[in-house]
Amino acid sequence: MTFSLANRSVTSESNDRRLAGRCLVLGAALVMTAIGATLAYAAQTQVFDPQTHKWVDYDKKKARKYYAAHKEVPEAFRPQMVQFRTAEVPGTIIIDGNKHFLYLVQPGQQAMRYGIGVGREGFGWAGIVRVGRMAEWPTWTPPVEMVARDPNAVKYAAGMPGGPDNPLGARALYLYEGDQDTIYRIHGTPEPWTIGLDVSSGCIRMRNDDITDLASRVKVGAKVIVLMQGAALYKGV
């Protein structure tokens, strides 16, 4: 079965753990400054089933089935250079959480676009942060809040060594507000079929090959703009 991928959304032209709960109101100027246009209105990712000629939710079950059949994510979620109008300088990362895309701004009004997985319901966020540091095959240490709610995380409370089964995958870009770790990361994943879904606890996940490529192109200190309609707003730098 072959699916065409799309988001059913409307687009106008194209913690330190203590800080995680702090919100503020970011005006429309943030969006306009970030990309020169309003990004997608919140909507669940869907795919078109040519057999039934209907749009269907692209949920975990369907994503796993697609990956099992093709050994790949849908084409739209694979890295590609795209036209991208923005006032931000090359090297800036702009994340469209609703459409599950991460853009790395390039010269000439272009961007390298990657597919991503984002925070599930209740874990989405938006704001401006920066890449505070990067790590190769990083250790995963679940936040105390995750340890408290997830029995599977308890055994890794002191840290899980990096490796193929580590939830952070091959690379991690640690997102900071000023000099403080927000606890959010852009990282790889041992579950590539989850790209395009709302699945994480707030981190941005990518395929291991994609995060490795992104990390090779990004510098520590790079600005990261996270946009997600209806999400909690995180204080920007």
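Visitor: Which residues have the most contacts inside the largest nonpolar core?

Guide: This is a predicted model, in which local features need pLDDT of at least 70, side-chain atom pairs count only at pLDDT 80 or more, and totals for chains, interfaces and linings use all residues. Residues are numbered from 1 along each chain as its sequence is written, and side-chain values use heavy atoms, with hydrogens and water left out. A nonpolar core is a set of buried Ala, Val, Leu, Ile, Met, Phe, Trp, Tyr and Cys residues joined through side-chain atoms within 4.5 Å, where buried means under 20% relative accessible area, exposed over 50% and partly exposed in between (1.4 Å probe, protein chains only). The largest such core has 25 residues, and those with the most contacts inside it are Ile-93, Ile-95, Leu-102, Leu-173, Ile-186, Leu-214 and Val-224.

Visitor: Which elements give two or more residues to this core?

Guide: Helices (H or I, at least four residues) and strands (E, at least two) are DSSP runs, numbered from the N terminus, and the protein chain has 4 helices and 15 strands. Those that give two or more residues to the core are β5, β6, β7, β9, β10, β11 (180-187), α4 (208-217) and β14.

Visitor: Which residues of strand β5 are buried on its two faces?

Guide: In a regular strand the side chains alternate between the two faces of the sheet. Strand β5 covers residues 93-96, and both of its faces are covered. The buried residues are Ile-93 and Ile-95 on one side, and on the other Ile-94 and Asp-96.

Visitor: Which residue of β14 stands opposite Ile-95?

Guide: Two strands pair if DSSP finds at least two bridges between them, and β5 is joined to strand β14 (residues 223-227) by 4 bridges, the two running parallel. Ile-95 also has contacts (heavy atoms within 4.5 Å) beyond its neighbours within four places in sequence, including Phe-101, Ile-186 and Val-224. The residue opposite Ile-95 in β14 is Val-226.

Visitor: What phi does His-100 have in the turn between β5 and β6?

Guide: β5 and β6 run antiparallel and are joined by 4 bridges, with Asp-96 having Phe-101 as its bridge partner in β6. The two strands form a hairpin with 4 residues between them, and His-100, which lies in that loop, is buried with a relative accessible area of 2%. Most residues other than glycine have a negative phi, and most peptide bonds are trans. His-100, although not a glycine, has a positive phi of about 65°.

Visitor: Is Lys-71 buried or exposed?

Guide: Lys-71 is found in the loop between α2 (60-70) and β4, and its phi is near 55°, a positive value in a residue other than glycine. With a relative accessible area of 62%, Lys-71 is exposed.

Visitor: Which residue of β7 stands opposite Leu-104?

Guide: Strand β7 (residues 110-115) is mostly covered, since 5 of its 6 residues are buried. Strand β4 (residues 80-83) runs antiparallel to β7 and is joined to it by 4 bridges, while strand β6 (residues 101-106) pairs with β7 in the antiparallel sense over 6 bridges. The residue of β7 opposite Leu-104 is Met-112.

Visitor: How many residues apart are Arg-171 and Glu-136, which meet in a salt bridge?

Guide: A salt bridge is a side-chain nitrogen of Lys or Arg within 4 Å of a carboxyl oxygen of Asp or Glu, and the one between Arg-171 and Glu-136 spans 3.8 Å, N to O. Arg-171 is buried at 18% relative accessible area, whereas Glu-136 is exposed at 55%. The pair links distant parts of the chain, Arg-171 in strand β10 (residues 171-177) and Glu-136 in strand β9 (residues 125-136), and the two residues are 35 residues apart.

Visitor: Which residues are linked with Glu-72 in a network of salt bridges?

Guide: Arg-207 and Asp-210 meet in a salt bridge of 3.0 Å, N to O, and both of these residues are buried. The residues linked with Glu-72 in the network are Arg-207 and Asp-210.

Visitor: Over which residues is the pLDDT below 50?

Guide: pLDDT is the predictor's confidence in each residue, from 0 to 100; its mean over the protein chain is 79, and 74% of the residues reach 70 or more. Where pLDDT is low, the predicted coordinates should not be read in detail. The stretch where the pLDDT is below 50 is residues 1-43.
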